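Please look over the sequence and the fold shown here before reading on.

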Amino acid sequence: MSNEEYRNDNLIIGRNAVIELLKSGREVENVLVAKGEREGSVNRIIAMCKERKIVVKTVDRKKLDFMCGGANHQGVAANVPAHSYSSIDEILEYADEKGEAPFLIICDEIEDSHNLGAIIRTAEACGAHGIIIPKRRNVGLNFIVAKTSCGALEYMRVARVSNIASTIDDLKKKNIWVYCADMDGQPWCKTDFSGGCALVIGSEGRGVGRLVKEKCDVTVSLPMLGEVNSLNASVAAGIIMYEITRQRLEK
């Protein structure tokens with residue numbers, strides 16, 4: 001295998017390999033370009049990404065060297081998803097086929113692969129119909145996410161959208177109530193999650209973004225009795241997801 005064809009989990013390495021990947025039409029999470037690389041075929045790659053609306057990230061060359069395991073990446077690499085994405089319509093159709101009110105999880109800038117994998121695993125166990133993630137500032141369906149989900153990713157529909165706030169507006173038009181897990185909300189265990197619902201989980205450090213929170217119908221909180229004032233994103237998501245499931249099983 002040549003350096004240009006070298007693949008490390010979900011990483012495609014080398015200029016020609018990335019060009020062929022982009023030409024193939026296969027789903028691409030993002031393309032990584034080393035700082036200072038803006039000559040020759042790199043410009044073609046960036047133009048192709050712009051045309052397909054694929055995120056291009058500029059990274060330090062040493063970081064790219066590490067990610068590529070020392071292989072000759074020629075300043076370019078591409079992340080491909082470990083699993084194909086679904087559309088929101090496909091998720092809602094799946095809920096309809098099961099004769100159930102939609103149960104969705106919306107991840108707002110979850111940047112830790114292990115957290116997203118854990119959320120997917122719990123969501124599948126709770127009977128959620130799908131997960132929605134943003135294209136930018138959120139980890140995608142990489143190898144670590146797939147591994148951490150312990151197989152759940154194979155059964156969970158995940159949609160990737162350009163704008164979480166506008167997506168929430170669209171869901172609300174479909175009679176789906178949107179619940180934000182954040183501080184200063186009503187107790188999670190005293191909240192009625194009946195009917196179509198979508199639970200928004202924020203990033204590990206910043207929580208749910210202001211605009212996204214404003215779009216939500218209800219904010220729900222978990223009691224914090226210790227010295228720290230936040231929970232791991234996947235832990236908080238798991239507690240509330242199981243409350244939603246409990247209420248659904250009781251009906």
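At 47% relative accessibility, glutamate 20 counts as partly exposed, where buried stands for under 20% relative accessible area, exposed for over 50%, and partly exposed for values in between (1.4 Å probe, protein chains only). This is a predicted model, in which local features need pLDDT of at least 70 and side-chain atom pairs count only at pLDDT 80 or more, while totals for chains, interfaces and linings use all residues. Residues are numbered from 1 along each chain as its sequence is written, and side-chain values use heavy atoms, with hydrogens and water left out.

The side chain of glutamate 20 meets that of lysine 23 in a salt bridge, with 3.3 Å from N to O; the term denotes a side-chain nitrogen of Lys or Arg within 4 Å of a carboxyl oxygen of Asp or Glu. Lysine 23 is likewise partly exposed, its relative accessible area being 49%. Both residues belong to helix α1 (residues 15-24), and because they are three residues apart in that helix, about one helical turn separates them. Helices (H or I, at least four residues) and strands (E, at least two) are DSSP runs, numbered from the N terminus.

Arginine 206 forms one with glutamate 111, the closest N and O atoms being 3.7 Å apart. Arginine 206 lies in the loop between β10 (197-202) and α8 (210-215), whereas glutamate 111 lies in the loop between β6 (103-108) and α5 (113-125), so the pair ties together parts that are 95 residues apart in sequence. Of these two partners, arginine 206 counts as exposed at 55% relative accessibility, and glutamate 111 as partly exposed at 46%. A further pair is formed by aspartate 182 and lysine 213, whose closest N and O atoms are 3.3 Å apart. Here aspartate 182 is in strand β9 (residues 177-187) and lysine 213 in helix α8, so that parts 31 residues apart in sequence are tied together. Lysine 213 is partly exposed, at 28% relative accessibility. Salt bridges that share partners also join Glu109, Glu111, Arg137 and Arg206 into one network.

After α5 comes glycine 127, whose phi is positive, near 85 degrees. Within the helix, Ser113, Asn115, Leu116, Gly117, Ile119, Ile120, Thr122 and Ala123 are buried, and what covers the buried residues includes β6, β7 (130-134), α6, β8, β10 and α9 (233-249).

Methionine 156 is placed in the loop between α6 (143-148) and β8 (157-161), and it counts as buried at 4% relative accessibility. Leaving aside neighbours within four places in sequence, methionine 156 is in contact with Ile120, Ala123, Glu124, Ala128, His129, Gly130 and Ile131, contact meaning heavy atoms within 4.5 Å. The C-alpha atoms of methionine 156 and glutamate 111 are separated by 19 Å, the two residues being 45 apart along the chain.

Two residues draw attention by their backbone angles. Most residues other than glycine have a negative phi. Glutamate 109, however, has a positive phi near 65 degrees; this residue is in the loop between β6 and α5 and counts as buried at 18% relative accessibility. Aspartate 184 also has a positive phi near 65 degrees, but it lies in strand β9 and is exposed, with a relative accessible area of 77%.
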